[in-house]
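Visitor: I'd like to learn how to read a structure like this one. Could you walk me through it, feature by feature?

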Amino acid sequence: MPPRPAPLPRSFFESPAWQTAPKLLGCQIVRTFKEGAARVLITETEAYQGTEDLACHARSGLTKRNAAMFGPPGHAYVYFTYGMHWMLNIVCEAESYPAAVLIRAVHPIAGAELLESRRPNLAYRSNWLNGPAKLTQALGIDREENGADVCDCQAALYLAPGISVPLKAIQNGPRVGIAYAPEPWKSMPWRWRIRPQELSAAVAKV
């Protein structure tokens with residue numbers, strides 16, 4: 001088994017979510033299962049920034065559900081939605097200030113067979129990991145990972161450096177699934193992704 005990559009430093013996550021989200025493109029999620037380990041590249045992210053952001057879970061203040069967002073940066077905020085899906089977010093900014101980046105899509109680079117076993121009959125299609133619920137299912141992420149330290153390379157889930165993604169390969173625009181939010185929050189261009197046509201070239205650098 002190849003050595004585990006070093007984790008991203010805590011300081012990487014101390015910036016506002018809207019600054020951290022594009023920097024996470026091309027970074028790795030390292031996930032260890034009892035059967036082995038898998039690694040994926042982050043290819044799409046969204047930023048949620050504090051109580052002032054009326055699309056953010058923290059808009060109504062601290063609750064039991066969003067408590068991890070108010071914790072230290074570099075930890076996971078995992079929540080359940082629509083009565084069926086888990087979502088993985090990474091906490092940013094300073095402790096007590098609620099900001100996080102939603103991981104929206106990933107691309108497998110190692111251990112794909114372990115991911116496939118959690119999404120049977122769906123693997124290797126072009127869209128098999130292109131949604132936040134799809135990737136948490138494949139990576140086996142649920143409430144157990146809420147609050148996990150993603151800067152700890154001994155943990156079963158952590159983030160590591162990956163590849164450098166050139167600016168020309170990145171597309172950004174409004175966040176999705178937030179029709180409830182008023183303007184200007186509904187239209188804030190806080191969603192970033194590696195352009196599909198650039199993804200193959202980016203992955204080839206791994």
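Guide: Buried means under 20% relative accessible area, exposed means over 50%, and partly exposed is in between. Keep in mind that this is a predicted model. Take Arg31: its relative accessibility is 6%, so it counts as buried.

Visitor: Where in the fold is Arg31 found?
Guide: Look in strand S1, which covers residues 28-33.

Visitor: And what does Arg31 touch, leaving aside residues up to four places away in sequence?
Guide: Its contacts include Gly36, Ala37 and Ala38, and also Leu139, Gly140, Ile141 and Glu145. Ala156 and Leu157 are touched by Arg31 as well.

Visitor: Now charges. How many salt bridges does a search of the whole structure find?
Guide: The general idea comes before the count: side chains of opposite charge can pair when their charged atoms come close. Here, the search turns up seven salt bridges. One of them joins Glu145 and Arg31, with 3.4 Å from N to O. That pair links distant parts of the chain, 114 residues apart: Glu145 is in the loop between helix H3 (132-138) and strand S6 (157-160), while Arg31 is in strand S1.

Visitor: Are Glu145 and Arg31 buried or exposed?
Guide: Both are buried. Now compare that with Arg118 and Glu35, another salt bridge, where the closest N and O atoms are 3.2 Å apart. Arg118 lies in the loop between helix H2 (112-116) and H3, and Glu35 in the loop between S1 and strand S2 (36-49), so this pair ties together parts 83 residues apart in sequence. Arg118, at 22% relative accessibility, counts as partly exposed. Glu35 is partly exposed too, with a relative accessible area of 46%.

Visitor: What about cysteines? How many disulfides does a search of the whole structure find?
Guide: A disulfide is a covalent bond between the sulfur atoms of two cysteines. In this model the search finds zero. Cys27 is in no disulfide, and the nearest cysteine sulfur, that of Cys151, is 11 Å away. For Cys151 itself, the closest cysteine sulfur is in Cys92, 10 Å off, which is too far for a bond. As for burial, Cys27 is buried at 6% relative accessibility, and Cys151 is buried at 14%.

Visitor: Let's zoom out. How many helices and strands are there in the protein?
Guide: Four helices and eight strands. Reading from the N terminus, the elements run α-β-β-β-β-β-α-α-β-β-β-α. The radius of gyration is 16 Å, close to the 17 Å from the globule rule for 206 residues, so the protein is as compact as a globular protein of that length.

Visitor: What share of the 206 residues counts as buried?
Guide: That's 51%. Also, among contacts with a separation of 6 or more, 63% come from residues 24 or more positions apart.

Conventions: Residues are numbered from 1 along each chain as its sequence is written. This is a predicted model: local features need pLDDT of at least 70, side-chain atom pairs count only at pLDDT 80 or more; totals for chains, interfaces and linings use all residues. Side-chain values use heavy atoms; hydrogens and water are left out. A disulfide is a pair of cysteine sulfur atoms within 2.5 Å. Buried means under 20% relative accessible area, exposed over 50%, partly exposed in between (1.4 Å probe, protein chains only). Helices (H or I, at least four residues) and strands (E, at least two) are DSSP runs, numbered from the N terminus. Contact means heavy atoms within 4.5 Å. The radius of gyration is taken over C-alpha atoms; the globule rule is 2.2 Å times the number of residues to the power 0.38. A salt bridge is a side-chain nitrogen of Lys or Arg within 4 Å of a carboxyl oxygen of Asp or Glu.
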